[in-house]
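Thanks for coming, everyone. Please have the sequence and the model open on your screens, and follow along as I go.

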Amino acid sequence: MTARETRLSEFLRPEVVSRLANMDLRARLIVEGFIAGLHRSPYHGFSVEFAEFRQYNAGESARNVDWKIYAKTDRYYVRVFEDETNLNATLLLDRSASMDFTSGGVTKLRYATLLCAALSYLMIRQRDAVGLAVFDERVETLIPHRSVRRHLLHLLRTLDDLTPGSRTAISRALHEMADRIRRRGLVVLISDLMDDPESIMNGLKHFRHRGHEIVIFHILDPIELSLDYRGEVRFVDRETGEKLRAQPWFLKKDYVRNVHDWISWLELRCKENAIDYNKITTETTFDQALVNYLNKRRRLR
Amino acid sequence: MNFLNPLFLLSLLAVAVPLLIHIFSRRRVPEVPFSTLRFLRRSDRRSMKRVNLRRLLLLLLRMLGVMLVALAFARPVMRGGLAALFPVAGSKAVCILLDRSYSMRVEADEGQVFSQAAVRVRQVVDHLGKQDEVALLLFDESQETLYGSERFDRDVLLGSLGEIVPSWRGTDLREAVSAGRAFLRKSRHETKELFIISDFQRSGIGRRTRVPAHPERAFLVPVRPGPGANVSIETVLTPRAALHGGEVARLSILLRNNAEHKKARFPLEIMIDGSRIIEKEIEIPPGGTREESVGFPVEKTGWIEGKVRKRSDRLPADDERYFTLRVREKMNVLLISGDKGFYLEQALCPGGVEGDISLRRKDWADFTSADLDRAEAVVLGPGGGALRRDAGFIERFVRSGGKALVFVLPELEPLVRLLGGASPRIEFRLMETGFLTIEKPHGRPDLLLPFNAADIDALVRVKFRRAAAVTGVPAEAVLLRFDTGTPFIWEKSLGSGHVVFTAIDPVPEAGGLTLSPYFLPLVQQLLLATGPELPPDEGAVVGNAVTWEGPFTAEPLCRMPGGEMLKPRMDGVRRGKGSHPGGGERTLLIPPPESPGFITIIDGQNVAGRVAVNIDSRKESDLDCLGGEEAADSLGLENFLVIEEGDNLAAGIATAREGREISVLLILAAIAVFVLELVIAQRKHDAAEESRDVG
């Protein structure tokens, strides 16, 4: 990674982005920064709109080589076209109380909101139709699919006003949305998946049954993976209010193993059902999340 | 098991401290919001039991450690099984040194400190057997064997102890220890024990000295006066010279506040012959002294007994101090003069009525040395010339302690030169015109005490037409001058006596003074108010021998402060072969008084003198006591055990004889427990670190 890319990547750090007041600006910073990074990165080639002619790199697909220019100049140039697909993308955002947790940086909900905004910005820029469903125990907000620029503003405003909800019932929301979305498309689930894994998988299978492609962004706080607390503490469950007095250093080993098993199980089941599973911590820069999305998008094209 | 410091068992309550910390820290666990407890709950069930067990183990170890430390401070003594390691001899020699100095009179909460010391003696005695050789030595600055026997009889010793009261002397602990060790050295027993029961006053021990190795085991049993202030009357100084009736006696009283932090405020009383004549409120800052000067007129003649006292504090022994004053009845004066001595005679004994002066007159022509026998002072007046022989008598009289008043006149010039020395140059002048006056003195010298300011103004206006002009007299010897600067009255010490010179010519033709009202008091003052300045008298000190010089007509007797009559020893040496009263002086050697009060010296039917006897309150009134260890170190004791006030004396003795104090073992055990606790805590810490690595 070059120094410039490093600097751009710095701008995509969640704590940097979250400092901006305007959601539109935040989404733009993420996406434009991300795209600017792409031009210098190995991902260059599946950009989202027509951009330019650029020199062919060895090992690259010859599909996009502009033969006319080759004829004129005897050099290989690649023509990058704007993507003209008309994909229906549905963003499912979990706003349950468990998402309102942080160990010091941004909360999981904040991270998810920013990611959601960036994806919306990116999708609308690609002329994809984007819909948004925000849920906790049930679907609270549902914005239908549109691909116009004005729709983006509506989405961003909705995301900006988002507050944490109550308990989680992901499977119920998934089933509800699977029934509502008629046209096949891409479903992006952004959640910490703090619910019964079996029922979550059932909900996801419902989408698959309807022919949807699914991308999961599993948002976790780093401390949820490490349980790195000192001294004796009393844990309070964000959703239930239940309290548990514990010595974290003593529980840590078992806890980490349990969480690891849970994630492994989710990964395995997603793989079995052709679901794209991405585990992201709130320390992860947004470009990595977007690359994951674009990989999926490319496969769909 | 016994405890030397059973009071420290109260510190076992500290065992509750780790428990309280444990409970308190459990209550202060911080609350941490967490996304879900699902995974924690699953782990918690398995591990919390182990955590709680470990925590309980740490708590128990901490409580055990604190308990061991608390027990160690109580100084437990193990006996039984361990006793076999310390075989006890069948019999032993024991010397008990009991401090009876005046500082043991301190009143503590439980009574006099000395009675506490006596209790300690009884406790020691309870542990002695009939085969033991025992001595009980009372000590202050000297030692007295109260009991000593090769076959110990407990009842006899305790019986004699019951009658003992503290003395009025200071302490010499070093000498007492030497005496005790000397007793033990003589004993045939192998086991030797020395008990020292004292308040261990710093002043009674002195500096540390090295002593040879000693076989005896020493037990230091301090009895403390406890905290509290003590104000002492250190000295009462009285005029050494005898006063005359109506004169003001001045006492100089030195008081000391021995408290370091507390201001002292109390009334101070002066008692004369049992009646209070002065009461003053005194305030002394912490650790400070106050020198108080009080004056009062004395009317009664003879020997006056007085007492300075303050309100009693914790050491009443230094709250009273005795003093004596001597007020002379009359002064025996011999006037030697010729026919011009009339006015002088009238001045000394106006109208033939004796006042403070008992006067005899002798003409120069009839004068013999025998005339000086009963005289205290001689006045050398005008009207005749002294022979060389007469001058010799008078000089010897003065040198042996007599007083002479010399009128500097032409006819007495050889005598003036003999008594006044070679340097004064004398010129006898008659003012053809004009006159002399006296220079006005600064302030009011003792000589002019009967004169008020108006009298002095009138006196300095008196005109002298004839007077001796004397030069060469040292300025400090001159009491009054003429306005020309030449001396009017001056004085000189000669041998043990005193000579006063005056340039007055006591006849009316010489000036206005002789017929003025000032002539009489001035001449009498020249005899009564002059004399050498003697250092003030402090009286005698308890425990110190007293000497008394004086003429005696019969075999003298002394009544000591306790009322005991005794015949003092006389040194038998006659001094002063002149014609001084009694034909010379003798020195009485009075044995040391043992209590404060008055020594009365009786000569036949008369009281020849009185001496005030007081304690030396500069020694121990500060109540500055050394700790047992420090005292042992200063005394050079090596094999010793300190049994403090709260300690069980029986347990202490048992410790030294047959038991073993296990404080050190307990401390070691406590250290081991704390180390174990640290190891377990460290393991917990390591586990935490390890789990952090896992994360």
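A:Asp254 and A:Arg257 join their side chains in a salt bridge, 2.9 Å from N to O. A salt bridge here is a side-chain nitrogen of Lys or Arg within 4 Å of a carboxyl oxygen of Asp or Glu. Before I go on, a word on the source: this is a predicted model, where local features need pLDDT of at least 70 and side-chain atom pairs count only at pLDDT 80 or more, while totals for chains, interfaces and linings use all residues. Residues are numbered from 1 along each chain as its sequence is written, chains are lettered from A and ligands numbered from 1 in the order in which they are written, and side-chain values use heavy atoms, with hydrogens and water left out.

Back to that pair. Both A:Asp254 and A:Arg257 sit in helix 10 of chain A, residues 248-272. They are three residues apart, about one turn of the helix. Helices are DSSP runs of H or I with at least four residues, strands are runs of E with at least two, and both are numbered from the N terminus. A:Asp254 is buried, at 16% relative accessible area. A:Arg257 is partly exposed, at 43%. The cut-offs: buried is under 20% relative accessible area, exposed is over 50%, and partly exposed is in between, with a 1.4 Å probe and protein chains only.

Over all chains, the structure holds 44 salt bridges. Take chain B next. B:Arg62 and B:Glu677 meet in one, 2.5 Å from N to O. B:Arg62 is in helix 2 (residues 38-73) of chain B and B:Glu677 in helix 14 (residues 663-694) of chain B, so this pair ties together parts 615 residues apart in sequence. B:Glu677 is buried at 9%. B:Arg62 is partly exposed at 34%.

Another one: B:Lys307 bridges to B:Glu320, with the closest N and O atoms 3.6 Å apart. B:Lys307 belongs to strand 17 (residues 302-310) of chain B, B:Glu320 to strand 18 (residues 320-328) of chain B, and the two are 13 residues apart. B:Glu320 is partly exposed, at 31%.

**Two helices**

Now helix packing. Helix 3 (residues 113-125) and helix 4 (residues 154-161) of chain B have axes that come within 11 Å and cross at roughly 175 degrees. Therefore helix 3 of chain B is roughly antiparallel to helix 4 of chain B. Axes are lines fitted to C-alpha atoms, for helices over the stretch in contact, with angles from 0 to 180 degrees between N-to-C directions. Under 35 degrees is roughly parallel, over 145 roughly antiparallel, 65 to 115 roughly perpendicular, and the rest oblique.

Who touches whom? In helix 3 of chain B, the residues are B:Ala118, B:Val121, B:Arg122 and B:Val125; they meet B:Arg154, B:Leu157, B:Leu158 and B:Leu161 in helix 4 of chain B. Contact means heavy atoms within 4.5 Å.

**A covered strand**

Last stop: strand 34 of chain B, residues 597-603. Seven of its seven residues are buried. Strand 34 of chain B runs antiparallel to strand 30 (residues 557-559) of chain B, joined by three bridges. Strands pair if DSSP finds at least two bridges between them. B:Cys558 stands opposite B:Ile601 in strand 34 of chain B.

Strand 35 (residues 606-614) of chain B is also antiparallel to strand 34 of chain B, with seven bridges. There, B:Thr600 has B:Arg610 as its bridge partner. Two residues separate the strands of this hairpin, and B:Gly604 takes a positive phi near 65 degrees.
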